[in-house]
Amino acid sequence: MKIEKTEVVIIGAGPSGSVAAGILRKQGRQVLILEREEFPRFSIGESLLPQSMQYIEEAGMIRDVVEAGFQYKNGAAFVRGDKYTDFDFREKSSQGWGTTYQVQRAHFDHVLALAAERMGATLRFRHTVESVDVSGPTPELTARGPDGEPYRVQARFLLDASGFGRVLPRLLSLETPSDFPVRGALFTHVEDRVAPGTFDRTKIRITVHPQHVHVWYWTIPFSNGRCSLGVVAKREYLEQFKGTETERLKAIVAEDPSLSGLLKDAVWDTPARAITGYAANVKSLWGNGFALLGNAGEFLDPVFSSGVTIAVKSASLAAKCIAREFAGEKVDWEADYAVPLKGGVDTFRTFVESWYQGGFQDVIFHPNASPEVRKMISAILAGYAWDKENPFVADSKRRLGVLEKLCAA
């Protein structure tokens, strides 16, 4: 069997893999990316957070993204019944980017992957990783290309950026059940035909179901007059609706007067899709000669669009650790990678759990919220979940708990 050698192998060319490749190439590392699919390919997770722009910039890819023609985004809008509120991410307590984009992921992921290739990474589409051995001094994997011939790759380090494919968690038995309730999503893209002035296309719109606090819809406008539309709920709720995925999604959208009214002229020209039980977790985010990036490690919930931000944050942290390791330093991957990454993930987790319990919804819809508190909340919603100068990051559970009680009083 053919044997290749390189410095870093990355499984997956999604955002975490491509951003990691860009940062590593700036370090002068040899990088090989193996992607199972052919790009462009469909994916959800289309609303970016401003914090992610820092890591795209770090990877040398900011111009590629800015010039791609995506929908400008500066915040998030929330609707519940007759209540409406929005957050402008430029008005936040944390320093850094306050704007970003709403993106069709097929195009966005392809832009990043081609940028990684432009920077010197070797990019191979339709190459599937079939086995991995991390028992030796350096990791080795077996892959198979579109010609059907298997080959081996030996590397100094291995990064799993395979997202929901979760290659290393499956092959190395790292998967562990998530403690999140089983939820599902129905989603599609539509030609929205929303009248000008009735929809702020610079913001993602999150709509809460009028009767069920745990059911919410996303509406993500794109720059071409289309939008991503989806609903998230417990599996039991979604299973009440019969028919095709498109028929089920239409029926659920019809239950909310504000959203169905907004999309009354929409053209449903793309069959809807479904995903259930997407929350995931692992026993460890790293091991001998490897680390897990983004969704390959843990995925919480799509409500605050944190997936891509966590993915590219993990890419940045891992690349820094690899740089130190290649320089001969001893790296404590738990302390230097896993713990910092989990810190932000746990902040998002606190807010996600509170959202589904209804407490955080009461906070964001409160009519007399403090401007300073709103700036701190805006920073979290903008993705700055690692900024410990923000009290809602440094002590998120207690601070949010106190705020929930004040809003409920």
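Modeller: What follows goes through cavities, pockets and a helix pair in this predicted model.

Biologist: How many cavities of 30 Å³ or more does a search of the whole structure find?

Modeller: The largest cavity holds about 80 Å³ of space. The search of the whole structure gives a count of 2.

Biologist: Which strands each supply at least two residues of the lining of the largest cavity?

Modeller: The lining includes Ala 76, Phe 78, Ile 204 and Ile 206. By class, it has 9 nonpolar, 1 polar and 1 charged residues. The strands that each supply at least two residues are S4 (75–80) and S13 (203–208).

Biologist: Which helix gives the most to the lining of the second largest cavity?

Modeller: Leu 341, Lys 342 and Val 345 are among the residues that line this second largest cavity. The lining divides into 4 nonpolar, 1 polar and 2 charged residues. With 3 residues, the top contributor is helix H10 (residues 333–357).

Biologist: Now the pockets. Which residues lie nearest the centre of the largest pocket?

Modeller: About 1,000 Å³ of space lies in this largest pocket. Its lining has 24 nonpolar, 16 polar and 9 charged residues. Of the 49 lining residues, those nearest the centre are Ser 43, Ile 44, Arg 105, Phe 164 and Asn 295.

Biologist: Which elements give two or more residues to the lining of the second largest pocket?

Modeller: This second largest pocket holds about 160 Å³ of space. Its 13 lining residues include Ala 369, Ser 370, Val 373, Leu 403 and Cys 407, which lie nearest its centre. The elements giving two or more residues are helix H11 (359–364), helix H12 (371–381) and helix H14 (396–408).

Biologist: Are H2 and H9 oblique or parallel to each other?

Modeller: Two packed helices are described by the angle and the distance between their axes. The axes of H2 (residues 51–58) and H9 (residues 307–326) come within 9 Å and cross at roughly 40°. Angles under 35 degrees would count as roughly parallel. The two helices are therefore oblique.

Biologist: How many nonpolar, polar and charged residues are in the contact of H2 with H9?

Modeller: H2 passes H9 in a left-handed crossing. From H2 come Gln 51, Ser 52, Tyr 55 and Glu 58, which meet Thr 309, Val 312, Lys 313, Ser 316 and Lys 320 of H9. By class, the contact has 2 nonpolar, 4 polar and 3 charged residues.

Conventions: Residues are numbered from 1 along each chain as its sequence is written. This is a predicted model: local features need pLDDT of at least 70, side-chain atom pairs count only at pLDDT 80 or more; totals for chains, interfaces and linings use all residues. Side-chain values use heavy atoms; hydrogens and water are left out. On a 1 Å grid over the protein atoms alone, a cavity is a set of points where a 1.4 Å probe fits but cannot get out, and a pocket is an open set with protein on both sides within 12 Å along at least five of seven lines; lining residues have an atom within 4 Å of a point. Grid points are joined across faces, edges and corners, and a volume is the space filled by probe spheres set on the points. Helices (H or I, at least four residues) and strands (E, at least two) are DSSP runs, numbered from the N terminus. Ala, Val, Leu, Ile, Met, Phe, Trp, Tyr, Cys and Pro count as nonpolar, Asp, Glu, Lys and Arg as charged, and the others, Gly among them, as polar. Axes are lines fitted to C-alpha atoms, for helices over the stretch in contact, and angles run from 0 to 180 degrees between N-to-C directions. Angles under 35 degrees count as roughly parallel, over 145 as roughly antiparallel, 65 to 115 as roughly perpendicular and the rest as oblique. A crossing is left-handed if the near helix is turned anticlockwise from the far one by less than a right angle, and right-handed if clockwise. Contact means heavy atoms within 4.5 Å.
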